[in-house]
Amino acid sequence: MYEELSKILNYIQALDWIWNKDLLIKKVRENFDLIQDRKVFYSDYYWIRFSYSWNGWFSNTILSLSNLKKYDNKPFIVCLTTKEKNILYIANSTFLKKISHSSKELRCDNIKWSFNWSDILRNYAWYENKPQNFKFLFEIHKEIGFEENLLRLVEATNNISPSWKKFEITENAIIFDAPKRAKRFTESNNFQILKDELDDKVQKYKNEILIAAFIENVNIRWRIIEYLIAWEDDKLKNELVLSLHNKSIIPKVETHNWLWDYEKEFDLFYTKTDIKTKIMILNSNPKAYNIDKFLEFMENNKSVFLFYFIWVEPNKIWNQSLVSVFQKDLLKWTIIQDHWAWRSSRWVAQFNWEIIKQLILNENNDIDNELCNDFLSKLINR
């Protein structure tokens, strides 16, 4: 996908001298096998919409939200042709601030109206919205998807209160003690007990995990792996095992939307662990956690929150690592999505996949208290 996307982006950038949208479209279509769907052109790898502005100022509509829903599974690129250069942005739903101001009746069950050029974010996390970063940005978007973005866009557009609420913090001291508590846990025998327990479950279902890991639908993929490792319903597990090996219809797997997948209580610690499968041939940037749910759990004076990362390659589970949420490298590269932090929610954090890869290769639980305190303050004050 990204190699083909890079080719057309480089070609368009080499045609900055054109200044003419129709001529640009003609030349692009002569060199790339694009199909037209109204005002959008597409291939197997991307969607692209061309617009024109003489002076670089453009206030017209780009696309309807209902159409974007149809296009949101591949990179959706907007190209604005100006007299100076061709400006390119990625405009999937994750990278929209809101829908146009006229969309007062926008609801999750009433997807109408459109977004404008000005509604596209120019920066996301630490990255500019520019062609060099489109691969990284789309990998972030894939883990969020249209439906979750829709909730945010409805609130941002209409200034309404959604069903979720920002967690009201009452025990700051307990929250700020969490990194020290995490360090005590990772240095205790309890840490190895938990790690061995999770490793044993992976070993038991390793063949099924390898099959499930390469299911194209990411939601089905992680639900199955989560269920095999963390849940106790042997009847459904047996059905899953048979369907995976027989390549038959997979039974419906209902999972929760909690902070964790696996919990275990010790005398001094109450642990919750989120299971993350890393497909090493895919550069995905998985969601980390819901910030409000995370802070709520951190108010428990025994709470320890961890991630169990599983590295999967074709035909092989390479390694597993158990890592504290406060591990210093993981913390440094946790992406806090500022434009998702509306008045009613702190929303979600997300990981950079390169850090996960490093931690799977070199598991460690180094924790920097000063870094943790700064990070927690940032979350609390959102």
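The crossing of helices H1 and H2 is right-handed (the near helix is turned clockwise from the far one by less than a right angle). Helices (H or I, at least four residues) and strands (E, at least two) are DSSP runs, numbered from the N terminus. This is a predicted model, in which local features need pLDDT of at least 70, side-chain atom pairs count only at pLDDT 80 or more, and totals for chains, interfaces and linings use all residues. Residues are numbered from 1 along each chain as its sequence is written, and side-chain values use heavy atoms, leaving out hydrogens and water.

Stay with the two helices. H1 spans residues 2-13 and H2 spans residues 21-31. Their axes come within 11 Å and cross at roughly 140° (axes are lines fitted to C-alpha atoms, for helices over the stretch in contact; angles run from 0 to 180 degrees between N-to-C directions). H1 brings Ile8, Tyr11 and Ile12 to the contact (heavy atoms within 4.5 Å). H2 answers with Lys27, Val28 and Asn31. By class, the contact has four nonpolar residues, one polar and one charged (charged is Asp, Glu, Lys and Arg; nonpolar is Ala, Val, Leu, Ile, Met, Phe, Trp, Tyr, Cys and Pro; the others, Gly among them, are polar).

Now turn to the four-stranded sheet. This sheet is open, with the order E10-E11-E13-E14 and mixed pairing (two strands pair if DSSP finds at least two bridges between them). E10 and E14 are the edge strands, each pairing on one side only. From one strand to the next, the twist averages 25°.

Walk across the sheet from E10. Strand E10 covers residues 262-265, and strand E11 covers residues 270-279. They pair in the antiparallel sense over four bridges. Tyr262 stands opposite Thr273 in E11. Four residues form the hairpin link from E10 to E11.

The next step is E11 to E13. Here the pairing is parallel, over ten bridges. Asp274 has Phe307 in E13 as its bridge partner. Then comes E13 (residues 303-313) beside E14 (residues 316-324). These two run antiparallel and are joined by eight bridges. Leu306 stands opposite Ser324 in E14. Their hairpin has two residues between the strands, and Asn315 takes a positive phi near 70° there.

Helix H7 (residues 189-204) lies across E10, E11, E13 and E14. H7 runs at about 155° to E14. Helix H11 (residues 291-298) touches E11 and E13. The direction of H11 makes about 130° with that of E13.

A second open sheet has three strands. Its order is E12-E16-E15, with antiparallel pairing. E12 (287-290) and E15 are its edge strands, each pairing on one side only. Neighbouring strands are turned by 30° against each other on average, direction ignored. E15 and E16 (residues 348-351) run antiparallel and share three bridges. Thr334 stands opposite Phe351 in E16. Helix H14 lies across E12 and E15, and H14 runs at about 25° to E15.

Helix H12 (328-332), strand E15 (334-336) and helix H14 (369-380) each give two or more residues to the lining. H14 gives the most, with four residues. The lining divides into six nonpolar residues, one polar and four charged.
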